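Please keep the sequence and the model in view while reading the points grouped below.

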Amino acid sequence: MFEIAVVDGGIVKLTGRLDASQADRAQLVFRGLARPLTVDFSDLDYISSAGIGVIIEAYKRITDQGHSFRLVRLNPRIRAVFGYAGLDKVIPIE
Amino acid sequence: MVERKFSRAIHSIEHIFEFVSGFMAANGLSQENSFYADLVIEELFTNMVKYSKESTQDIAVRLERDGDNLIVTLRDFDVDAFDVTRAGDANVHRPIAERRRGGLGLHLVRQMVDRIDYRYEDRTSTITVTRKLER
């Protein structure tokens, strides 16, 4: 199960499991956004490289437009995956 | 030891996750172990689906507990060789703008397992990964 919701225009809430079968759906939502974004991971249980690819693309596009982009409330396992991917020092994570 | 074959399609990963979850529950293993097993298998399985298009055969996934280790084996039938132990790695230390697409999945696998082996025989690729189980 995976859900993606845009709350108040600037918060993207991810829920469930962002795997290769769900990455296209998440990508479509992110591509429709052009403003400062906070991505709320508090209810995301799982992410793979396909999901991380979606986050990287969104980060590049949003910051290229001069907006801020940050990830919040990652569980320790997902935070570790971002660390393995070398992104914990690139993308703001709070 | 349990083994099951899954159709060569991205949507199969949902069924693989159920298979892994059942194995973990049957062996009294924690969700922590499921998370890493799911991730490793998803990365290896999706690579097989994406890059071994010459085959139409199902892909076999085997799970085995050996003491404190989890051993995961994927077998891909009627395919050309692709040695994951020799494949290029993602440029995770480069600035994000300079990173090329691809390679991140295998990079994550290498970070998360203690051992990875590859064998190619009779047009079958066999990848075996070993990871120490979390308590």
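From the N terminus on, the elements of chain A run β-β-α-β-α-β-α, which gives three helices and four strands. Helices (H or I, at least four residues) and strands (E, at least two) are DSSP runs, numbered from the N terminus. This is a predicted model, in which local features need pLDDT of at least 70 and side-chain atom pairs count only at pLDDT 80 or more, while totals for chains, interfaces and linings use all residues; side-chain values use heavy atoms, with hydrogens and water left out. Residues are numbered from 1 along each chain as its sequence is written, and chains are lettered from A and ligands numbered from 1 in the order in which they are written.

**Chain A**

- The radius of gyration of chain A is 12 Å, which agrees with the value near 12 Å for a compact globule of 94 residues. The radius is taken over C-alpha atoms, and the globule rule is 2.2 Å times the number of residues to the power 0.38.
- Along the principal axes, the C-alpha atoms of chain A fill a box of roughly 30 × 30 × 20 Å.
- Of the 94 residues in chain A, 47% are buried. Buried means under 20% relative accessible area, exposed over 50%, and partly exposed in between (1.4 Å probe, protein chains only).
- Among the contacts in chain A between residues at least 6 apart in sequence, 67% join residues at least 24 apart. A contact means heavy atoms within 4.5 Å.
- Chain A carries 12 positive and 11 negative side chains, and the centres of the two sets lie 3 Å apart. Lys and Arg count as positive and Asp and Glu as negative, whereas His and the chain ends are not counted; the place of a charge is taken as NZ of Lys, CZ of Arg, CG of Asp or CD of Glu.

**Chain B**

- Chain B contains three helices and five strands, arranged along the sequence as β-α-α-β-β-α-β-β.
- For 135 residues, a compact globule would have a radius of gyration near 14 Å, and the 15 Å of chain B agrees with this.
- The box filled by the C-alpha atoms of chain B is roughly 45 × 35 × 25 Å along the principal axes.
- Buried residues account for 50% of the 135 residues in chain B.
- In chain B there are 20 positive and 23 negative side chains, with the centres of the two sets 3 Å apart.

**Where the chains meet**

- At the interface, 23 residues of chain A are in contact with 22 residues of chain B.
- About 1900 Å² is buried between chain A and chain B, and carbon and sulfur atoms give 63% of this area. Buried area is the accessible area (1.4 Å probe) that two parts lose on being put together, summed over both.
- A:Ser49 lies in helix α2 (residues 49-64) of chain A, and counts as buried because its relative accessibility is 16%.
- Leaving aside residues up to four places away in sequence, A:Ser49 touches B:Leu39, B:Glu43, B:Leu104, B:Gly105 and B:Leu108.

**A loop residue in chain B**

- B:Glu54 is placed in the loop between α2 (31-51) and β2 (59-66) of chain B. With a relative accessible area of 37%, B:Glu54 is partly exposed.
- B:Glu54 and B:Asp78 are 24 residues apart along the chain, and their C-alpha atoms are separated by 7.7 Å.
- Not counting residues up to four places away in sequence, B:Glu54 touches B:Asp78, B:Val79, B:Asp80 and B:Arg123.
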